[in-house]
Amino acid sequence: AAMAARCRLAARFHHVHGTNVRLDATRTLATRVESFANGLCFSQEPLAPGQIFLVEIEEKELGWCGHLRVGLTAHDPQSLEVVPEYSLPDLANMGDTWVFAITRSHNRVVVDGEEARARGLPWEPFLLIERVRIPRDTLVGRSRPGRYSHILDDLYKMNVLPATARRSRIGVLYVPQPDGTADMHIVINGEDMGPSARGLPTTRPLYAVVDVFASTKSVRVIPVDYGFPSLQTLCRLVIQKHIVHRLAIEGLDLPPLLKNFCQRE
């Protein structure tokens, strides 16, 4: 309950941000208004251990190479004299910053000598990262059904989108380790990418970093509820597991609100 309350309060951007960023009135939507750089944003508050800062890609912009970048920093945004132009390399070169560039694929981190961990089944209600348990449903981005939705149906049934697609959801968190440090994890559409950085200090506040870079035009903060999944959510997971095509949901004998929830959320 304490984690849920903290996440709801912290689910917005810091008022300190890059010069090309415009925030909406709620500070939950960040849009890069020009160029391809100076899109750096931070979480309003430092994250607690196991607390995920989750964003959804709202809008893309053609003509640029590169995508969203996310990570953590021990620098308090309020203390920055000038917000760096880029997270990579500018903010990272200031030290005590760990940033991960999101690509269309190959985001999973595999350490030499370690086997890639088994991926959880997409209909499992919780994502487990060591001792952290997060309801999976909120973490998963979904495309909207439409004229070309059949192209993404295999992905839809697996509850995933390409990492850099519109409506894809990307989050960052840190998990304390027995030696007193922490591992940083990136989560993309409900899948843990593994420890993309190790040895983070747990004695200093760690803020989420979101770089609205290049082809990523705007992102929205998504609140994460750490409570139990709702019955509606569990029904959706079962329906999505068994349908052949998402548009087939329309023909099911279900309440209209549940149909809409299964098709569009």
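**Ground rules.** Residues are numbered from 1 along each chain as its sequence is written, and side-chain values use heavy atoms, with hydrogens and water left out. Because the model is predicted, local features need pLDDT of at least 70 and side-chain atom pairs count only at pLDDT 80 or more, while totals for chains, interfaces and linings use all residues.

**Entry 1: the sheet.** I looked up the strand order and found S3-S12-S5-S6, an open sheet of 4 strands with antiparallel pairing. Strands here are DSSP runs of E with at least two residues, helices are runs of H or I with at least four, and both are numbered from the N terminus. Two strands pair if DSSP finds at least two bridges between them. I noted strand S3 (40–42) and strand S6 (97–101) as the edge strands, since each pairs on one side only. From one strand to the next, the twist averages 20°; the axes are lines fitted to C-alpha atoms, with angles from 0 to 180 degrees between N-to-C directions.

Entry 2: I then followed S5 (residues 69–73) and S12 (residues 207–211), which pair in the antiparallel sense over 5 bridges. Which residue of S12 is the bridge partner of Leu72? I found Ala208.

**Entry 3: aromatic pairs.** Rings of Phe, Tyr and Trp (its six-membered ring) pair if their centres lie within 6.5 Å; planes under 30 degrees apart are stacked, over 60 edge-to-face, and the rest tilted. I got 5 aromatic pairs by this rule. One of them is Phe13 with Phe53, edge-to-face at 5.9 Å centre to centre and 65° between the planes. Phe13 lies in the loop between helix H1 (2–10) and strand S1 (21–23), and Phe53 is in strand S4 (residues 53–60), 40 residues apart. I checked accessibility, and both Phe13 and Phe53 are buried (under 20% relative accessible area with a 1.4 Å probe, protein chains only; exposed is over 50%, partly exposed in between).

I also looked at Phe36 and Trp64, a tilted pair with 4.9 Å between centres and 40° between the planes. Phe36 is in the loop between strand S2 (29–32) and S3, Trp64 in the loop between S4 and S5, 28 residues apart. Phe36 is partly exposed because its relative accessible area is 28%. Trp64 also counts as partly exposed, at 35%. Ring pairs link Phe36, Trp64, Tyr86 and Phe213 into a cluster.

**Entry 4: charges over rings.** The rule asks for NZ of Lys or CZ of Arg within 6 Å of the ring centre and within 35 degrees of the ring normal. I found the charged end of Arg69 over the ring of Phe213, 3.9 Å from its centre. Arg133 lies over the face of Phe126, 4.0 Å from the ring centre.
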